[in-house]
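Let's take a friendly walk through this model, stopping at a few places worth a look. Please have your viewer open as you read.

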Amino acid sequence: MSIFVDRDTRVLVQGITGNEGSFWTKHMIDLGTNVVGGVTPGKEGQRVEDRPVYHSVRRAVKEHKVDAAMLFVPPRFTMDAVLEALESGIRKVVTIADGIPLHEMVKIREASQYHQAMVVGGNTSGIITPGRAMLGMFPHWIERVYKSGSIGVMTRSGSLTNEVTAMVVASGFGVSTLVGVGGDPVPGTRFAELLPLYQEDEQTEAVVIIGELGGTMEEEVADMMSSKAFTKPLVAFLGGRTAPEGKRMGHAGAIISGGKGSVQSKIEALEAAGGMVASRPSEVGLLLKEVVKGGGK
Amino acid sequence: MRLFEYQAKEIFREEGIVTPEGILTSSAEETAAAADALGYPCVLKSQVLMGGRGKKGLIPFIQERKKALSEASRLFEGQWAVPRILVEEAVDIERELYLSISVDPERAKGIILVSAQGGVEIESLAQDDASKIHTEYFSLTSGLQSFQITDLSYRITIDAQLVKQFRSIVKALYVIFTRYDAELVEINPLFITKQGALVAGDGKLMIDENSMERQKRFVRTREFYESDMEFEAAQAGIPYLQFDGDISLMCAGAGLTTTVYDLINYEGGRVANYLEFGGPNYRKAYEAMELCLRNDSKVILIVTFGTIARADIMAQGIVDAAKALKPDRPIVTCIRGTGEAEAVKILREAGLEPLFDTEEAVKAAVRLSKEIG
């Protein structure tokens, strides 16, 4: 098993005829993702990777059963595309767009809650279940990072994910499903909202979260652990321990302001809830070995 | 993008929020003339973006012309080198409130915060006594409703005749919040004057970075940045932060760069600059290295783990940049990911011995930075 996406997930690609859309659709299919079709207004009748293209999501869902929408749509059109997917009955949406306006992201999350859906992103590479399927843009052929196994990974950062996941794999583990929630201040889906899926998933023995300064997502994870809504072992790596207050460290969401969002407070919350926090990427694998029996095999 | 106080107040006035009479100046003579025109006492408010202006002595209270001249000279020419001063009339203050509108990411709602105890940092107030803060959440989809403002007005204890004014200020602030794609719009303090008027004592407006494409009213000129380098990097589209250590970072991705920053601090090294090279900037090796070289650093540390951004293209960019710029300091590289084998070849041919482990690369850079002394 896995969470969110597997080989039986029927995927519609919005923005499938664009450069990014067509390129990554090919790689999603190569990995084994069940892409049933795509959408680009004005391009109905064309085919991409032998999949049919439709003018709109409404027209596509008349012809196909769709479980998830994968968006390769520019930031300023993302809200419209997400609402189109939700309105057409699709309950899983992933958007990679980097630069979605804040107020639109809030509206997307409101709509997602209203429809009881899950919108993951923006500012992320997406979601991958190594060896089986993906929604997004991962070079899944890099075995050093994208190896199948028993560790669930949730992350706010793409570049750091490669660094940390490579350490997880080097320690003899693999990944069940990796979810990039993205680096924006208002992600469509938060860490704590994914935990119940990992809790349910039989393949997942432990979860690694790759967080950073800013916001409260890591503290919410600690709350889930304290309330026993999540009971599997959890190891965190958090970037920005030594970051000064008031400076935005790259991501829009990565800032300590008014004394809130420091990595220290996140570490305290996670450790108090029974989580383990690695101080360096290389420690993540070592800590996993302590908490997962049989090295994850 | 955070606006200066005078810009925020300009927007406030356009929406009908009253601010103290004020004149913007950029020299000591202009400041004295403005103070004369407004009358004494008055206040010189330094137009800088840092917080805690009062504690830093950047908002002196002025009783007479001579003092206006000397204090303005100190602010313009002293260590803070403030670009502008907003000279404002002094207000007869009865009480101070706090009012802001921002976003609650977890609930996915707009949030209004009001406190009958203004003037202080809302965060410290929240820690001392959270019951003194009134909150109202609203949907960004359906908007702030009139009944919510009504209810909020009666939750804070203000005189009945002030309620109407308060309501219109909340409404105006909400219009500003939506029209300017605000991350935060804040009035702290919001004065209740002895004459029974509500006046915005300060103004803070932060516009969402992701909305800048459609918020064209304000242009980010040099004064919005702390240093020339940060300004120039922003012009080139390269994320950059200035520090004052020995090691220039040229790393890929926000999360990895921040982590390398941490690792350097753990090892007892000091970062000269944070620079993101990679992602959409992975072809900007020349610009990135040029920025690093303008720092008084001793080592350049390049760490990447690219998957979409190709390692070999980055390596070629670095080698070309090094040939053109002839760096006068060592470069430590740790470039991994797609195209790694080719990248290693390119670096070795150019005489750069690549490392493959981030922590090892950090240690090497810190060691070099100390050896060079």
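How do the residues of the lining of the largest cavity divide into nonpolar, polar and charged? They divide into two nonpolar, one polar and four charged. Here Ala, Val, Leu, Ile, Met, Phe, Trp, Tyr, Cys and Pro count as nonpolar, Asp, Glu, Lys and Arg as charged, and the others, Gly among them, as polar.

## About the model

This is a predicted model, in which local features need pLDDT of at least 70, side-chain atom pairs count only at pLDDT 80 or more, and totals for chains, interfaces and linings use all residues. Residues are numbered from 1 along each chain as its sequence is written, chains are lettered from A and ligands numbered from 1 in the order in which they are written, and side-chain values use heavy atoms, with hydrogens and water left out.

## The cavity

Rolling a probe the size of a water molecule over the atoms shows where empty space is left. On a 1 Å grid over the protein atoms alone, a cavity is a set of points where a 1.4 Å probe fits but cannot get out, while a pocket is an open set with protein on both sides within 12 Å along at least five of seven lines; lining residues have an atom within 4 Å of a point. Points are joined across faces, edges and corners, and a volume is the space filled by probe spheres set on them.

The count comes to one cavity of 30 Å³ or more. The largest cavity holds about 40 Å³ of space, and its lining consists of Pro185(A), Arg248(A), Ala252(A), Glu183(B), Asp208(B), Glu209(B) and Asn210(B).

## The second largest pocket

About 240 Å³ of space lies in the second largest pocket. It is lined by 15 residues, of which Gly15(A), Pro41(A), Val73(A), Ala81(A) and Glu84(A) are the closest to its centre. By class, the lining has seven nonpolar, six polar and two charged residues.

Helix H3 (residues 75–87) of chain A gives the largest share of this lining, four residues. Helices (H or I, at least four residues) and strands (E, at least two) are DSSP runs, numbered from the N terminus.

In chain B, Ser102(B) sits in strand S5 (residues 93–104). Ser102(B) counts as buried because its relative accessibility is 15%; buried means under 20% relative accessible area, exposed over 50%, partly exposed in between (1.4 Å probe, protein chains only). Beyond residues up to four places away in sequence, Ser102(B) touches Glu183(B) and Phe177(B), among others. Contact means heavy atoms within 4.5 Å.

Ala273(A), in the loop between helix H8 (263–272) and strand S14 (276–278) of chain A, is also buried, at 16% relative accessibility. Asp223(A) is 50 residues from Ala273(A) in sequence, yet their C-alpha atoms are 7.3 Å apart.
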